[in-house]
Amino acid sequence: MFDPTQLRTFLTVAQTLSFTQAAQRLGVRQSTVSQQVRRLEEAAGRQLFARDTHSVTLTEDGEAMLGFARTILEANERAAGWFAGTRLRGRLRFGASEDFVLTRLPEILEAFRRDHPEVDLELTVELSGTLQRRLAAGRLDLVLAKRRPGHPDLPGHPDDPRGPQEPPGRLVWRDQLVWIGSERLRLDPHRPLPLVVFPPPAVTRARALEVLEQHGRAWRVTCTSGSLNGLVAAARAGLGVMAHTSGMIPPGLVRLPARAGLPELGGIDVVLLHGAARGSAARGAAEALAEAILAGGDRLQAPAATTTTGP
């Protein structure tokens, strides 16, 4: 028998690849996280993480445990909800960043709707900056978005004397921004870098332009689209390079090698942001969906299954 608390801790470490970040997200001490992981490894009789002073990675057995942990926790939550005799109801306005369209987020949402059929789920897919503005305006209840570590991406009202206000968030995972493009793309270092970008206020666009300006690298925008599918199509066609989350590189595109000579883009946080609660029903539904996303956060780093036809 595996302890649900230990499984939840294991999933959090697997998603953040950091015992420190996992402790912060769970609201416990780092020593507690280490102890729970150690006990789970003892129960499994296998090492789940390979760790040293600089990094944490999943072992082969740890990768296998991911699926088992999700299944056990989901079954546990369904059973608890059934016997508690309470059913979530009401309308939940959920916003997700455009980047998650090509991941397995739909699987998480499908399971949530199956478990909570009386919740009316409204999904808004937009740029992270736009979603945060809608959240601040009270037009969304829960947002899954990207945010630069320690950087307030959400501006306050122009007349707000407090200036930029960063909403409290729950870290789903921390990743790196990288340059991606077609495997056949060849860049000329003597010509402006061709960019495929989201329009403002996209986080990845802002970071890419900032880094290029800091390093004195000339650039030009060859494609702008609010649709990730549009950007991916342009990048696959060789129109330019994209700044993208390392863990969510779309099929058909690759990370550009160091020999391309492009500057490092730094880290990016994927966070869950709660809006001002409209009532107990919306609050409960938002919390339930947040927990489902946190439990299955590693699925967001995997592309959704696709089918192809023809040769």
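User: In S5, which residue is the bridge partner of Gly-95?

Analyst: Start with the terms. Helices (H or I, at least four residues) and strands (E, at least two) are DSSP runs, numbered from the N terminus. Two strands pair if DSSP finds at least two bridges between them. Here, the partner of Gly-95 in S5 is Val-143. This is a predicted model, in which local features need pLDDT of at least 70 and side-chain atom pairs count only at pLDDT 80 or more, while totals for chains, interfaces and linings use all residues. Residues are numbered from 1 along each chain as its sequence is written, and side-chain values use heavy atoms, with hydrogens and water left out.

User: Which strands does S5 pair with, and do they run parallel or antiparallel?

Analyst: Strand S3 (residues 90-97) and S5 run parallel, joined by three bridges. Strand S11 (residues 267-274) and S5 run antiparallel, joined by six bridges. In S11, Val-270 stands opposite Lys-146.

User: Which way do the side chains of S5 point?

Analyst: In a regular strand the side chains alternate between the two faces of the sheet. In S5, Leu-142, Leu-144 and Lys-146 point one way. Val-143, Ala-145 and Arg-147 point the other way.

User: Why is S5 described as largely enclosed?

Analyst: Buried means under 20% relative accessible area; exposed means over 50%, and partly exposed lies in between (1.4 Å probe, protein chains only). Six of the six residues of S5 (residues 142-147) are buried, so the strand is largely enclosed by the rest of the structure. Across the protein, 44% of the 311 residues count as buried.

User: Is Ser-128 buried or exposed?

Analyst: Ser-128 is buried, with a relative accessible area of 3%. Ser-128 belongs to helix H6 (residues 128-136).

User: What does Ser-128 touch?

Analyst: Contact means heavy atoms within 4.5 Å. Leaving aside neighbours within four places in sequence, Ser-128 is in contact with Ser-97, Ala-145, Lys-146 and Val-203. A polar contact is a pair of N or O atoms within 3.5 Å; within protein, one must be able to donate a hydrogen and the other to accept it, and residues adjacent in sequence count only if both atoms are side-chain atoms. The side chains of Ser-128 and Ser-97 make one at 3.3 Å.

User: What is the mean pLDDT of the protein?

Analyst: pLDDT is the predictor's confidence in each residue, from 0 to 100. The mean is 84, and 86% of the residues reach 70 or more. Where pLDDT is low, the predicted coordinates should not be read in detail.
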